[in-house]
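Welcome! Let's explore a protein together, one question at a time.

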Amino acid sequence: MRSILTGPLAGFACLLVLLGVLAAVTGLDVAGWATGVASGAGLAALTARSMAHHRRDGLGPADRVTLARAVLACGVAALTADSFDGETPVAIFVALSTIALILDGVDGRIARRTGTVSAFGARFDMEVDSFLVVVLSVYVAQTMGLWVMAFGAARYVFVAAGWALPWLRGSLPPRYWAKVVAAIVGIVLTLAAARILPDAVTTVVLLIALGLLAESFGRHTWGLWRLAGRPPSTRATVTSVLAVLLVWAALLVPDHTDDLSPAAFLRIPLEGLVFVVLVCVLPSRLARILALIGGFLVGVLMITRLLDRGFYFAFDRVFHPVYDAAYAGSALSLLGDSIGRVGALAVFIGAGVLCVALLALLPLSAVRVTRLVARHRRPTIRIVAVLAAISIVPTLTGAWPVRQLASASAARLTTQVRDDLRDQREFVRALEQDPFRDTPDTDFLTGLRGKDVLLVFVESYGRTALDSPVVGSALEAGDRRLQQAGFSSRSGFLTSPTFGGLSWLAHSTLQSGLWVNNQQRYDHLVTLDRLTLTDAFGRAGWRTIADVPSNDKDWSVAKSYYHYDMVYDRRNVGYAGPSFSYASMPDQYTLAALQRLELGKQNRAPVMAEVDLVSSHTPWAPLPRLVDWSRVGDGSVFDPMPAEGDSPEDVWRQPDHVKAAYAQSIAYSLDALTSFVQQLDDRNLVLVVLGDHQPASIVSGNGASHDVPVSIIAADPAVTDRAADWGWRDGLRPDGSAPVWPMDTFRDRFLTAYGR
């Protein structure tokens, strides 16, 4: 035993030295030390046990090389654990991994040359390979996604499957190709960890390596199956297990992103137990019919839950089946602006295929489970009784929230559909009431006569932005610019009807004085003749303008509902510069074009314009920078800027980077706007500046308010004096005690304050 322990203990001692060096060089924290020591202790114990099993009294020359690789792999594991709480030196991480991979080609050669090839050495080498792949896949998954964990899980899933299928524990002659694939996987994961290739290229290379790994395991499994005489029950067993797992997952998949974790799928679905009991007591034909219907309904419910997760992430609310399907076209356009039309279509096609697959596979899986239960009724009843006892107590005590039960989600869905239909009826009744319907044209907006009025929506400018020092600095700089130009401002908050996107709902809410919080309400509203702020200005003698820089096709409701005299978009403002992801042009150019095309003209009527500033639209990168207003020209001055900024792929790898990019984009839009006011030098200019909605949950967090800042800016004190009783605070930054109004109340307050 003393000779057996010598090698493993020597390896453990070397690991402690390596960890000490890493601590001195990289500042290895407690998690890194604990992971490294635990890995080393496990390595020593398992190596000693395997040596005893194979009756080895010591390590051969090739085994010592493998032991050195194992020590390096434990060091890589320590650095991986350290990376979760801080930055890991990539160069050191990659160096350790590379040395371990190089030594992988040395130990086998030494064993063959020294005549010390053994079953122990082959198993030792394979387990070290597997451990290193696990560690590398965990590290790379932090940046490339959890799917990379499939590399590390493959070997251990195969071993676990051998517990249920004994023929998988057989042995085949060694294959050189399997060794090649293992080396390719290690090299590809190390390249991904080094981050030396573009993300798109890295993803493709990883997928190729994963395909090779799947082929290698598949060929090995096929060989073992043939060696075992092609056991007839294997396919049926695997199919039944997959059917049970699919139904289990469908019943347990959470509807909220925060609830998604492995623990969520370790619960016991009570509805599944009830279904099994019914199958046991019902006639077989009736049980199969129940399985088909139940499987289809579970498929519908699973799709709805997946949509809920997406809507929680983007809009911080559940999916509404009555009217949210209308957003498919808008989502496709937005996704196309972010990742390209082809990529967006691929995502939508993939989502459609997934939905069809779920609706087909879940009924078939439920029928499969029904047949399985029917063949094993007695053991099934015993298993159900035990699982019921295990699951009922935690559910009753609240350890597992009732909202996570499939039946609770189904009940919520039914209630939601009913409430959505009732909501539409209430909206129709609200449309019939308008206190300004019969107001004479001469009584509209008398307090703003002779003024140019800009209604400026800053995309995604939510209350969350005020927590950023970058945005705070931009607001302070904006206040200084406005004061130097002779302007003052007052600010408060409005509650937007939307969150994370769907800006047109906020625009129509502010303009119409009605709460437009879904597409069905919007579609109904724009077919009617409801008075909007734009209508009021137009009837009072203003030339009304819509400036929507990211539109590349006709906006039908601009004329039919809002009745704008002129609509500007990306096609007719003379822009010859680059786009910035979603933003077809920088906000500075949008404002400069408005000045050139409308505000700078002589002998004209006063202008009322709704202006959309979209540089702060998701994905918030790349971002332009301000140039001297005299250099804006046709926008070609912005040509080099997209390449100089961060790409969306770089920004969206980490939530902190997303938040920083969001804050910088809001600061840019505010800087562009206040700089525009300063250089325009128009004392008859009045601005209402507000956000349309809060940014997505990745920035705002879950459960954030729907509040957005709103400011009124003017040089004429008489304009701001009319809003004195609103309770808004001086300056561009509303403080925490500023009033918060629902956005649909703004129209009536504004028309009242500035009317006769």
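Q: Which elements each supply at least two residues of the lining of the largest cavity?
A: Keep in mind that this is a predicted model. The lining of the largest cavity includes L670, L673, V689, L690, V710 and I713. The elements that each supply at least two of the lining residues are α24 (655-680), β6 (685-691) and β7 (707-714).

Q: Which element gives the largest share of that lining, and how many residues is it?
A: Among the residues around the largest cavity are P709, V710, S711 and I713. The strand β7 covers 707-714, and the largest share comes from β7, with 4 residues.

Q: Which element gives the most residues to the lining of the second largest cavity?
A: The residues that line the second largest cavity include D129, L132, V133 and L136. Two or more lining residues come from each of α4 (90-114), α5 (119-144) and α7 (176-194). The most, 4 residues, come from α5.

Q: How many charged residues are in the lining of the second largest cavity?
A: R69, D104 and D129 are among the residues in this lining, together with others such as L101 and A182. The division by class is 6 nonpolar, 1 polar and, for the charged residues, 3.

Q: Are α3 and α4 roughly parallel or roughly antiparallel to each other?
A: Two packed helices are described by the angle between their axes and the distance between the axes. Here the axes of α3 (residues 61-83) and α4 come within 8 Å and cross at roughly 165°. Angles over 145 degrees count as roughly antiparallel, so α3 and α4 are roughly antiparallel.

Q: Are α3 and α5 roughly parallel or roughly antiparallel?
A: The axes of α3 and α5 come within 9 Å and cross at roughly 20°. Angles under 35 degrees count as roughly parallel, so α3 and α5 are roughly parallel.

Q: Is L445 buried or exposed?
A: L445 sits in the loop between α15 and β1, and its phi is near 55°, a positive value in a residue other than glycine. The relative accessible area of L445 is 0%. Under 20% means buried, so L445 is buried.

Q: Does D681 count as buried or exposed?
A: D681 lies in the loop between α24 and β6. Phi of D681 is near 55°, a positive value in a residue other than glycine. The relative accessibility of D681 is 56%, and over 50% means exposed, so D681 counts as exposed.

Q: Which residue is joined to P622 by a cis peptide bond?
A: P622 is placed in the loop between β5 and α22. The bond is cis, with omega about -5°, and the residue it joins to P622 is A621.

Technical notes: Residues numbered from 1 in each chain as written. Predicted model: local features only at pLDDT ≥ 70, side-chain atom pairs only at ≥ 80, totals over all residues. Heavy atoms only, no water. 1 Å grid on protein atoms, 1.4 Å probe; cavity = no way out; pocket = protein on both sides within 12 Å on 5 of 7 lines; lining within 4 Å. Nonpolar A, V, L, I, M, F, W, Y, C, P; charged D, E, K, R; others polar. Axes fitted to C-alpha atoms, helices over the stretch in contact; angles between N-to-C directions. Parallel < 35°, antiparallel > 145°, perpendicular 65-115°, else oblique. Buried < 20%, exposed > 50% of the residue type's maximum accessible area, 1.4 Å probe, protein only.
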